[in-house]
Amino acid sequence: MDILEKLNWRYAVKKFDPVKKLEEAQLSRVLEATRLSASSYGLQPYKIIVVKDPAVREALKAVSWNQPQITDASHLVVFARYDELNNEHVEKYIGRIAGTRNLEAKDLEGFENVMKGTVNGLDENAAANWTSKQAYLALGTLLTASAVDGIDACPMEGFDAAAYDRILGLKEKNLRTVVVAAIGFRAAEDGMQHAKKVRKPLEDFVELV
(Lines give C-alpha, C1' and ligand atoms only; values in the text may rest on other atoms or scores of the structure.)
Protein backbone atom coordinates (compact mmCIF):
# COMPACT_ATOMS: atom_id res chain seq x y z
CA MET A 1 0.00 0.00 0.00
CA ASP A 2 1.36 3.39 -1.01
CA ILE A 3 -0.26 6.18 0.98
CA LEU A 4 0.47 8.80 -1.70
CA GLU A 5 -1.29 6.65 -4.27
CA LYS A 6 -4.28 6.31 -1.92
CA LEU A 7 -4.42 10.05 -1.24
CA ASN A 8 -4.34 10.76 -4.96
CA TRP A 9 -7.16 8.23 -5.40
CA ARG A 10 -9.44 9.84 -2.81
CA TYR A 11 -11.65 12.82 -3.49
CA ALA A 12 -14.76 14.37 -1.95
CA VAL A 13 -17.36 12.05 -3.43
CA LYS A 14 -20.38 13.83 -4.86
CA LYS A 15 -22.44 10.75 -5.68
CA PHE A 16 -22.34 7.56 -3.63
CA ASP A 17 -23.59 4.13 -4.63
CA PRO A 18 -26.67 3.82 -2.36
CA VAL A 19 -26.66 0.02 -2.62
CA LYS A 20 -23.08 -0.71 -1.65
CA LYS A 21 -22.53 -0.70 2.11
CA LEU A 22 -19.50 -0.96 4.35
CA GLU A 23 -19.08 -4.27 6.12
CA GLU A 24 -19.07 -4.02 9.91
CA ALA A 25 -15.36 -4.86 9.97
CA GLN A 26 -14.62 -2.03 7.56
CA LEU A 27 -16.62 0.45 9.61
CA SER A 28 -14.94 -0.71 12.80
CA ARG A 29 -11.48 -0.17 11.31
CA VAL A 30 -12.30 3.37 10.19
CA LEU A 31 -13.78 4.24 13.58
CA GLU A 32 -10.85 2.71 15.45
CA ALA A 33 -8.38 4.66 13.34
CA THR A 34 -10.36 7.82 14.07
CA ARG A 35 -10.36 7.01 17.79
CA LEU A 36 -6.55 6.88 17.61
CA SER A 37 -6.36 10.35 16.08
CA ALA A 38 -4.17 13.03 17.61
CA SER A 39 -5.78 15.58 19.94
CA SER A 40 -4.43 18.16 22.37
CA TYR A 41 -3.29 16.36 25.52
CA GLY A 42 -5.07 13.29 24.13
CA LEU A 43 -8.22 14.68 25.78
CA GLN A 44 -10.55 14.11 22.80
CA PRO A 45 -13.11 16.83 23.67
CA TYR A 46 -15.62 15.60 21.10
CA LYS A 47 -17.76 12.59 20.27
CA ILE A 48 -18.58 10.78 17.03
CA ILE A 49 -22.15 9.86 16.14
CA VAL A 50 -22.65 7.27 13.40
CA VAL A 51 -26.07 7.74 11.82
CA LYS A 52 -27.56 4.65 10.19
CA ASP A 53 -31.31 5.22 10.58
CA PRO A 54 -32.75 6.11 7.13
CA ALA A 55 -35.51 8.30 8.58
CA VAL A 56 -33.05 10.32 10.65
CA ARG A 57 -30.79 10.73 7.65
CA GLU A 58 -33.70 11.98 5.53
CA ALA A 59 -34.38 14.59 8.20
CA LEU A 60 -30.71 15.57 8.23
CA LYS A 61 -30.66 15.78 4.43
CA ALA A 62 -33.46 18.34 4.54
CA VAL A 63 -31.25 20.61 6.67
CA SER A 64 -28.14 19.91 4.56
CA TRP A 65 -29.25 21.68 1.38
CA ASN A 66 -30.65 18.31 0.22
CA GLN A 67 -27.19 17.04 -0.62
CA PRO A 68 -27.60 13.39 -1.69
CA GLN A 69 -24.46 12.19 0.09
CA ILE A 70 -26.31 12.44 3.40
CA THR A 71 -28.67 9.61 2.51
CA ASP A 72 -26.88 7.76 -0.28
CA ALA A 73 -23.60 7.04 1.51
CA SER A 74 -23.26 3.85 3.51
CA HIS A 75 -22.89 5.74 6.80
CA LEU A 76 -23.00 9.32 8.01
CA VAL A 77 -20.48 10.30 10.67
CA VAL A 78 -21.19 13.39 12.76
CA PHE A 79 -18.36 15.01 14.72
CA ALA A 80 -19.75 16.82 17.76
CA ARG A 81 -17.75 18.85 20.28
CA TYR A 82 -18.55 19.00 23.97
CA ASP A 83 -20.41 22.23 24.54
CA GLU A 84 -19.26 22.60 28.14
CA LEU A 85 -15.80 21.23 28.81
CA ASN A 86 -15.02 21.02 32.52
CA ASN A 87 -12.86 19.40 35.18
CA GLU A 88 -14.90 16.20 35.04
CA HIS A 89 -13.67 15.49 31.50
CA VAL A 90 -10.07 15.95 32.65
CA GLU A 91 -10.53 13.77 35.73
CA LYS A 92 -12.05 10.93 33.69
CA TYR A 93 -9.12 11.15 31.27
CA ILE A 94 -6.62 11.05 34.13
CA GLY A 95 -8.41 7.95 35.42
CA ARG A 96 -8.05 6.28 32.02
CA ILE A 97 -4.34 7.12 31.87
CA ALA A 98 -3.77 5.74 35.37
CA GLY A 99 -5.68 2.54 34.61
CA THR A 100 -4.07 1.97 31.20
CA ARG A 101 -0.51 2.68 32.30
CA ASN A 102 -0.79 1.18 35.80
CA LEU A 103 -0.09 4.49 37.52
CA GLU A 104 -1.42 6.22 40.60
CA ALA A 105 -3.66 9.20 39.87
CA LYS A 106 -1.62 11.29 42.30
CA ASP A 107 1.44 10.76 40.09
CA LEU A 108 -0.44 12.58 37.31
CA GLU A 109 -1.44 15.62 39.34
CA GLY A 110 0.92 17.95 37.48
CA PHE A 111 -0.47 16.94 34.08
CA GLU A 112 -4.00 17.09 35.44
CA ASN A 113 -3.49 20.64 36.71
CA VAL A 114 -2.05 21.76 33.36
CA MET A 115 -5.10 20.44 31.53
CA LYS A 116 -7.51 21.95 34.05
CA GLY A 117 -5.71 25.26 33.70
CA THR A 118 -6.23 25.13 29.94
CA VAL A 119 -9.88 24.08 30.14
CA ASN A 120 -10.83 26.56 32.84
CA GLY A 121 -8.94 29.37 31.14
CA LEU A 122 -11.06 29.27 27.98
CA ASP A 123 -14.10 31.50 27.59
CA GLU A 124 -17.13 30.14 25.73
CA ASN A 125 -15.96 31.20 22.26
CA ALA A 126 -12.39 30.05 22.79
CA ALA A 127 -13.58 26.70 24.11
CA ALA A 128 -15.84 26.20 21.09
CA ASN A 129 -12.97 27.05 18.76
CA TRP A 130 -10.51 24.76 20.53
CA THR A 131 -12.81 21.74 20.75
CA SER A 132 -13.86 22.21 17.12
CA LYS A 133 -10.21 22.12 16.04
CA GLN A 134 -9.80 18.81 17.84
CA ALA A 135 -12.80 17.39 15.98
CA TYR A 136 -11.28 18.49 12.67
CA LEU A 137 -8.07 16.63 13.52
CA ALA A 138 -10.17 13.49 13.90
CA LEU A 139 -11.96 14.20 10.62
CA GLY A 140 -8.59 14.31 8.85
CA THR A 141 -7.68 10.94 10.32
CA LEU A 142 -11.01 9.46 9.21
CA LEU A 143 -10.49 10.69 5.64
CA THR A 144 -6.98 9.27 5.47
CA ALA A 145 -7.88 5.96 7.11
CA SER A 146 -10.82 5.54 4.75
CA ALA A 147 -8.63 6.17 1.71
CA VAL A 148 -6.03 3.67 2.90
CA ASP A 149 -8.74 1.00 3.11
CA GLY A 150 -10.27 1.90 -0.26
CA ILE A 151 -13.34 3.50 1.29
CA ASP A 152 -14.74 6.71 -0.15
CA ALA A 153 -15.63 9.76 1.92
CA CYS A 154 -16.94 13.27 1.64
CA PRO A 155 -16.30 15.84 4.39
CA MET A 156 -19.22 18.26 4.63
CA GLU A 157 -19.85 21.66 6.21
CA GLY A 158 -22.96 22.59 4.22
CA PHE A 159 -25.64 22.02 6.83
CA ASP A 160 -27.59 23.71 9.62
CA ALA A 161 -25.66 22.73 12.74
CA ALA A 162 -28.41 23.83 15.12
CA ALA A 163 -30.90 21.66 13.24
CA TYR A 164 -28.53 18.69 13.47
CA ASP A 165 -28.28 19.26 17.21
CA ARG A 166 -32.07 19.26 17.46
CA ILE A 167 -32.68 16.20 15.27
CA LEU A 168 -29.97 14.15 16.99
CA GLY A 169 -30.85 15.36 20.49
CA LEU A 170 -27.31 16.58 21.07
CA LYS A 171 -28.04 19.58 23.30
CA GLU A 172 -29.28 17.26 26.04
CA LYS A 173 -26.00 15.36 25.77
CA ASN A 174 -23.83 18.50 26.11
CA LEU A 175 -22.79 18.22 22.44
CA ARG A 176 -22.76 20.52 19.41
CA THR A 177 -22.34 19.49 15.78
CA VAL A 178 -19.06 20.61 14.19
CA VAL A 179 -18.65 18.80 10.86
CA VAL A 180 -19.87 15.62 9.16
CA ALA A 181 -18.44 13.01 6.83
CA ALA A 182 -20.35 10.70 4.53
CA ILE A 183 -18.53 7.40 3.97
CA GLY A 184 -19.22 4.57 1.55
CA PHE A 185 -18.41 3.83 -2.06
CA ARG A 186 -18.48 6.11 -5.10
CA ALA A 187 -21.11 5.62 -7.78
CA ALA A 188 -19.79 4.62 -11.19
CA GLU A 189 -21.44 7.69 -12.73
CA ASP A 190 -19.80 10.19 -10.40
CA GLY A 191 -17.75 12.11 -12.96
CA MET A 192 -15.62 13.82 -10.31
CA GLN A 193 -13.67 10.60 -9.76
CA HIS A 194 -12.03 11.11 -13.17
CA ALA A 195 -10.98 14.70 -12.52
CA LYS A 196 -7.28 15.24 -11.93
CA LYS A 197 -6.47 16.35 -8.40
CA VAL A 198 -5.47 20.01 -8.19
CA ARG A 199 -3.16 21.13 -5.40
CA LYS A 200 -0.45 23.73 -4.96
CA PRO A 201 2.96 22.63 -6.27
CA LEU A 202 5.26 21.56 -3.44
CA GLU A 203 7.49 24.61 -3.84
CA ASP A 204 4.49 26.89 -3.22
CA PHE A 205 3.09 24.73 -0.46
CA VAL A 206 6.23 24.34 1.66
CA GLU A 207 8.61 27.03 2.85
CA LEU A 208 11.88 26.03 4.47
CA VAL A 209 13.33 28.49 6.98
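Me: What is the relative accessible area of Gln-44, and how do I read it?

Reply: First, a quick caveat. This is a predicted model, so to speak of local features we need pLDDT of at least 70, and side-chain atom pairs count only at pLDDT 80 or more, while totals for chains, interfaces and linings use all residues. Residues are numbered from 1 along each chain as its sequence is written, and side-chain values use heavy atoms, with hydrogens and water left out. Now the scale: with a 1.4 Å probe and protein chains only, buried is under 20% relative accessible area, exposed is over 50%, and partly exposed is in between. Gln-44 comes out at 26%, so it is partly exposed.

Me: Where does Gln-44 sit, and what is its phi?

Reply: Gln-44 belongs to the loop between α2 and β1. Those labels come from DSSP runs numbered from the N terminus: helices are H or I with at least four residues, strands are E with at least two. Phi of Gln-44 is near 50°, a positive value in a residue other than glycine. Asn-102 also has a positive phi, near 55°, and its place is the loop between α5 and α6 (109–120). Asn-102 is exposed, with a relative accessible area of 72%.

Me: How many helices and strands does the protein have?

Reply: Nine helices and four strands. From the N terminus on, they run α-α-β-α-α-β-α-α-α-β-α-β-α.

Me: What should α5 span, and how far apart are its end C-alpha atoms?

Reply: The expected span is 1.5 Å times one less than the number of residues. For the 15 residues of α5 that gives 21 Å, and the end C-alpha atoms are 21 Å apart, so the two agree. The buried residues of α5 are His-89, Val-90, Tyr-93, Ile-94, Ile-97 and Ala-98. They pack against β2 (75–82) and α6, where a contact means heavy atoms within 4.5 Å.

Me: Which residues line the largest cavity?

Reply: Trp-9, Arg-10, Tyr-11, Ile-151, Asp-152 and Ala-153. About 30 Å³ of space lies in that cavity.

Me: What about β3: which strand does it pair with?

Reply: Pairing needs at least two DSSP bridges between two strands. β3 and β4 (residues 175–184) pair in the antiparallel sense over five bridges, and Cys-154 has Ala-182 in β4 as its bridge partner. Four of the five residues of β3 (residues 152–156) are buried, so that strand is largely enclosed by the rest of the structure.

Notes
On a 1 Å grid over the protein atoms alone, a cavity is a set of points where a 1.4 Å probe fits but cannot get out, and a pocket is an open set with protein on both sides within 12 Å along at least five of seven lines; lining residues have an atom within 4 Å of a point. Grid points are joined across faces, edges and corners, and a volume is the space filled by probe spheres set on the points.
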